[in-house]
Amino acid sequence: MADFLLELLSEEIPARMQAKARVDLERLFVAQLSDAGLKAGAVTVYSTPRRLALIAKDLPAQTEAVSEEAKGPPESAPDQAVDGFCRKNGVTRDQLEVRDVKGRPTLFAVINKPGRATSDVLSEAIPAIIKAFPWPKSMRWGDASASTESLRWVRPLSGIVAILGDDLVACEIDGVTSGYETVGHRFHHEGMITIGNAGDYAEKLRACHVLVDQAEREAIVRDGAAKAASDGGLELVSDEGLVIENAGLTEWPVPLLGGFDPAFLDVPEEVIQLTARVNQKYFICRDKSGKLAPNFVCTANIDASDGGKAITAGNEKVLTARLSDAKFFWELDQKTALEDHAKKLSNIVFHEKLGTVADKVERVAKLAERLASLEGTGLHRANPEQTQLAARLCKADLVTEMVGEFPELQGLMGGYYAEKEGLPIAVSNAIRDHYKPVGQGDDVPTDPVTVCVSLADKLDTLVGFFAIGEKPTGSKDPFALRRAALGIIRILIERDLTFPVKRTVASALSEIIPLPSLADSTTGLEIAKEYMGDGKLGTAFAMEAVKKSTIAAKSVTAEIEARGPIIDDVLEFLTDRLKVQQREAGVRHDLIDAVFALGGEDDLVRLLARVKALQAFVVTEDGVNLLAGYKRASNILKKELGEGSAPAQAGAHLPFEQTDATAGDGLLPSQEYSSVKTLSYTPEKAEKALIDALDAAQPNVTAAIAAEAFEKAMTALADLRAPIDQFFEDVTVNDSDDDKRTARLGLLARFRAAVHQVADFSKIEG
């Protein structure tokens with residue numbers, strides 16, 4: 001057994017690519033070994049800005065010998081077919097074996113493959129790995145780059161170290177040959193380093209100021225930055241993304257504390273942080289009171305002799321220039337009112353079929369104002385005027401200089417500018433937060449004005465793209481409609497908002513695709529009245545006016561009908577996303593399906609409340625037994641009547657009356673006992689008990705559901721558990737007496753209908 005070292009040396013590998021490169025290197029290496037019948041004991045992968053390295057433990061000296069068989073033609077086959085089989089498998093005729101296959105002599109080739117030296121396998125594997133490496137961006141270089149067949153790598157590949165045990169694994173690709181030598185730190189070490197084997201690789205490089213383990217460099221950046229801030233009496237603002245990036249930019253990280261002019265603190269904190277983070281990869285700091293401090297921590301890639309003073313001074317100079325730009329943008333943007341900024345949105349196309357961003361803003365403003373006026377939702381607490389103002393200004397910062405520099409600040413900068421203008425705090429908050437929630441970890445807005453604007457913005461996007469046929473397909477969702485849907489769902493659920501989805505979607509749709517004007521209809525009728533009875537010419541004018549009026553009215557009706565499928569599609573999309581969200585949250589999928597199967601409900605909060613009540617109920621003893629009784633009743637109805645059918649001649653003599661409570665209930669006609677006295681026989685005790693229980697339970701279930709007291713509805717259903725159990729114990733459903741059989745099947749159908757008021761129990765597993 002021997003350990004194997006592979007190092008691929010190149011110019012600087014972007015920090016953002018290194019994590020995936022480590023994964024890809026291990027994946028490709030393991031695949032190459034597997035194809036050759038080899039397996040390493042453990043594989044460790046490293047990366048620095050200048051190299052990818054892999055160490056594989058305990059590789060055998062050679063692969064195992066293998067024997068393979070290939071079935072050929074019958075023994076009696078023509079010579080041409082037999083010769084072709086031999087050539088294909090690299091054997092001669094005298095090496096073939098004859099075996100009986102279903103009574104027919106058949107030729108077989110037994111191919112014995114001897115073991116190969118592992119070094120030979122690796123010699124072939126290394127070039128294959130390099131050629132197949134999936135860099136997100138790569139390049140060609142040198143004279144060979146004139147050919148599209150030349151090697152591609154993330155940056156020019158300059159060296160390969162490949163050692164198995166203490167022996168070199170010889171390989172070559174595009175003029176780069178393997179060897180024992182590599183390089184140390186660009187500034188701290190001159191000349192080449194000779195690597196003996198995998199065991200001394202990391203320590204030899206450490207001695208030359210290269211830390212190959214990215215996790216070690218990350219720890220130095222993380223802890224060193226915190227210590228540098230602490231030594232200056234400050235607290236570092238933690239940023240794990242910056243830790244990883246700085247570790248990927250350095251081979252010998254040294255965190256250093258720097259500062260900038262406190263005058264820049266007049267600029268919003270988020271701007272300073274983004275300027276430092278995005279442009280310069282610096283951490284920011286806070287003072288002991290929690291306020292942003294005029295300091296930063298940068299990460300040098302050198303252990304400077306002056307303790308880093310020159311490096312710090314250089315970084316301070318660069319950051320000052322960046323902050324000066326940010327301060328200029330901040331002050332320049334404030335010279336123009338948000339309302340005037342918003343006028344420029346007409347120059348930005350939102351989508352060719354949905355108009356400009358200004359068109360979208362106008363739609364959002366109208367919808368947000370309507371939402372603010374909805375009674376019984378919790379949204380009506382929003383001030384309609386403030387809601388409309390916030391919606392009209394919510395995208396205005398898209399044309400500001402600051403957002404042009406930092407698109408991540410859209411919304412946030414608009415909130416700051418609104419605050420500086422002296423607009424109501426509810427308006428500035430809504431502008432700032434109307435994009436929320438953006439992701440799963442993002443907060444949901446709480447202020448009523450913000451909620452209205454956020455919902456209106458997301459609904460307009462969702463409904464708009466559905467209206468023009470741009471729905472998500474498979475994994476493709478170019479307009480982030482799933483994210484918009486999840487944002488809507490989270491707002492409604494976490495704010496517990498009773499919300500008529502279909503009505504609101506229809507309202508949003510009417511702004512995207514306006515209904516044909518009824519003006520022609522109204523004007524036509526007025527003209528008809530004016531000219532009617534005014535002689536031949538007047539009558540002709542009147543008739544033409546009536547004709548135009550009728551056409552206009554029909555056009556409106558047709559358009560309304562055409563919108564139905566779009567509205568239904570949006571509701572289905574929202575409910576599907578709710579299902580996915582709840583499944584990920586641990587809610588049983590069968591319970592979700594059981595509630596959603598009922599249909600006719602467009603209030604997502606009510607749907608979810610019913611699902612949660614059902615989930616709590618089905619795990620109780622009453623729930624388990626009621627489900628068993630339901631399934632037994634359903635199986636009997638299906639067996640006796642068939643799916644979707646009614647008893648023979650049911651209408652002629654059934655002792656029931658149809659009611660709304662059981663209308664449209666699957667297996668049996670819509671029926672309910674009007675009175676036990678109408679039965680042609682005296683019911684048995686258990687039968688009478690079930691009738692009485694249903695008489696009592698059904699109104700209670702109906703009332704509880706109407707009051708959205710779904711737990712009470714479950715409790716009312718639980719009262720049916722004992723009667724249905726006793727019914728099955730004591731009563732023969734499939735009685736020889738036709739009246740009894742029909743009545744008892746109807747009773748089971750009524751029981752099933754009562755349960756279906758809460759959920760479709762046929763969807764529940766168990």
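**Figure 1. Strands β2 and β3 run antiparallel in this predicted model.** Strand β2 covers residues 43-48, and strand β3 covers residues 51-59. Six bridges join the two strands. A hairpin of two residues leads from β2 to β3. Look for Val 45: Leu 54 in β3 stands opposite. In a regular strand, side chains alternate between the two faces of the sheet.

**Figure 2. Four strands make an open sheet.** The order is β13-β15-β16-β14, and the pairing is antiparallel. Which strands stand at the edges? They are β13 (235-236) and β14 (254-259). Each has a single partner strand, so one side of each is left without a neighbour in the sheet. Strands β15 and β16 are joined by three bridges, again in the antiparallel sense. One link to find is Phe 283, whose bridge partner in β16 is Val 297.

**Figure 3. Tyr 282 and Phe 296 form a stacked aromatic pair.** The ring centres are 4.6 Å apart, with 20 degrees between the planes. Tyr 282 lies in the loop between α7 (269-280) and β15 (283-286). Phe 296 belongs to strand β16, residues 292-300. The pair therefore ties together parts that are 14 residues apart in sequence. Are these residues buried or exposed? Tyr 282 is buried, with a relative accessible area of 2%. Phe 296 is buried too, at 1% relative accessibility.

Figure 4. Buried residues in α7 are Val 271, Ile 272, Leu 274, Thr 275, Ala 276 and Gln 280. An α-helix has 3.6 residues a turn, so residues three or four places apart point the same way. What covers the buried residues of α7? The cover includes strands β15 and β16. It also includes helices α8 (309-333), α12 (401-405) and α13 (412-421). Just after α7, Lys 281 takes a positive phi of about 65 degrees.

**Figure 5. Phe 133, Trp 135 and Trp 153 form one aromatic cluster.** The structure holds 13 aromatic pairs. One of them joins Phe 133 and Trp 153, with ring centres 5.1 Å apart. Their planes meet at 55 degrees, so the pair is tilted. Both residues sit in the loop between α3 (118-132) and β7 (157-164), 20 residues apart. Phe 133 and Trp 153 are both buried.

**Figure 6. The charged end of Arg 99 sits over the ring of Phe 108.** The distance to the ring centre is 4.8 Å.

**Figure 7. The largest nonpolar core has 144 residues.** In soluble globular proteins, nonpolar side chains tend to be buried together. Which members of this core touch the most other members? They are Leu 455, Leu 614 and Phe 761. Helix α15 (residues 448-467) gives the largest share of the core, twelve residues. Leaving out residues up to four places away in sequence, Leu 455 touches Leu 371, Leu 379, Ile 488, Ile 491, Leu 492, Leu 497 and Phe 499.

Terms used: Residues are numbered from 1 along each chain as its sequence is written. This is a predicted model: local features need pLDDT of at least 70, side-chain atom pairs count only at pLDDT 80 or more; totals for chains, interfaces and linings use all residues. Side-chain values use heavy atoms; hydrogens and water are left out. Rings of Phe, Tyr and Trp (its six-membered ring) pair if their centres lie within 6.5 Å; planes under 30 degrees apart count as stacked, over 60 as edge-to-face and the rest as tilted. Buried means under 20% relative accessible area, exposed over 50%, partly exposed in between (1.4 Å probe, protein chains only). A charge sits over a ring if NZ of Lys or CZ of Arg is within 6 Å of the ring centre and within 35 degrees of the ring normal. Contact means heavy atoms within 4.5 Å. A nonpolar core is a set of buried Ala, Val, Leu, Ile, Met, Phe, Trp, Tyr and Cys residues joined through side-chain atoms within 4.5 Å. Two strands pair if DSSP finds at least two bridges between them.
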